[in-house]
Amino acid sequence: MIRINLGLQGGGAHGAFTWGVLDRLLEEEDIEVAAITGTSAGAMNAAAFKAGLLAGGRAGAKKNLDWFWAQVGAINAPWIQDWLAALAPSVRGMATLLEMSPGFQAFEAMARTTSPYVYGPMLRNPLARILDDLRFEDVCSAEGPRLFVGATNVRSGKIRVFSGDEITNDALMASACLPTLFQAVEIFDPATDRTEAFWDGGYSGNPALFPLYDKDLPDDVLIVSINPIVRDTLPKTPEAIANRINEISFNTSLLRELRSVDFVRRLLADHRVAPGTMKRVLIHMIDADALMNDLNVATKTIPVPIVLARLKAAGRAAMDDFLTAHKADLGQHDTVDLRAMFS
């Protein structure tokens, strides 16, 4: 049995790409997921994955992920999705049309000029309703993959990683709380002995990798990246500029952690630290940079069922390509050139 860890990035509705990755991974009977660290949409995927896995095995995990994203997209009939997809333009065309729509433009203007505290408690993240139906007794269970959910402490600016019984509806909502849209999620934190306010975990860890460095967890970390590191087109509209700022900030913490991984690896290779003192992590990555360059902040914010379906299909294809090229490398070698990534 091959054991791996997963690191799942956040990125709004673009997290449907990760849905496809997980859907394909579950078909590999000889690969076991030992732990998952996730932020925002990555945390949602992780929770749905584990709850389904414990309730119904691999088929249950697939079913639960399908259920979650059907709720997000609000269209549950596959034949309707197929019919609409056949009539729909390209992903790039849909993204452009959605971004230019009067409704989205009004929404963006409101988000940039109005504080979510103006509306009081009535403006609740719609994901909370979906998560109310998630089986948290399974999500928090000691059985199955260990889960780690990242959120950003507003007061300190530091990452807060929730695990075990700490993973509640509020913790997942905190991990996905965009401060321009929703009020900070307040949770009593025994670590500080006070009620803390939390924003989206992407600002401080997207995802946080350090929980996966425990000696009892496998060396392999497969990161599913949904925020493009490289975007060739210069953003010029206010929406495109804000989106690129968001992408850069949401990747900064991940790149910082990967630099640390590379540094430790060089220390071990040069025998500057004793073997076993630090863990040699094997990094693998599945990304969707080419696809995400065709998408924009509108498709990230508004979960259009057709786009979700295409993202899932792209995620399945990307996972399939990775397995074809690198399954034999799991447990043996890195498949990411970290030095080239930083150059």
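Ring pairs link W19, F68 and W69 into a cluster. The model discussed here is predicted.

User: How many aromatic pairs does the structure hold?

Analyst: There are four aromatic pairs in the structure.

User: How are the rings of W19 and W69 arranged?

Analyst: Planes under 30 degrees apart count as stacked. The planes of W19 and W69 lie at 10°, with ring centres 5.9 Å apart, so this pair is stacked.

User: Which parts of the chain does the pair link?

Analyst: W19 belongs to helix α1 (residues 16-25), and W69 belongs to helix α2 (residues 41-73). The two residues are 50 residues apart, and the pair thus joins distant parts of the chain.

User: Which arrangement do F68 and W69 form?

Analyst: An angle over 60 degrees counts as edge-to-face. Between the planes of F68 and W69 the angle is 90°, and the centres are 5.4 Å apart, which makes the pair edge-to-face.

User: Are W19, W69 and F68 buried or exposed?

Analyst: Buried means under 20% relative accessible area. W19 has 9% and is therefore buried. W69 is buried as well, at 4%, and F68 is buried at 3%.

User: Where does the charged end of R160 sit?

Analyst: A charge can also be placed relative to a ring. The charged end of R160 sits over the ring of F162, at 4.5 Å from the ring centre.

Note on methods:
Residues numbered from 1 in each chain as written. Predicted model: local features only at pLDDT ≥ 70, side-chain atom pairs only at ≥ 80, totals over all residues. Heavy atoms only, no water. Phe/Tyr/Trp six-rings, centres within 6.5 Å; stacked < 30°, edge-to-face > 60°. Helix = DSSP H or I, 4+ residues; strand = E, 2+ residues; numbered from the N terminus. Buried < 20%, exposed > 50% of the residue type's maximum accessible area, 1.4 Å probe, protein only. Lys NZ or Arg CZ within 6 Å of the ring centre and 35° of its normal.
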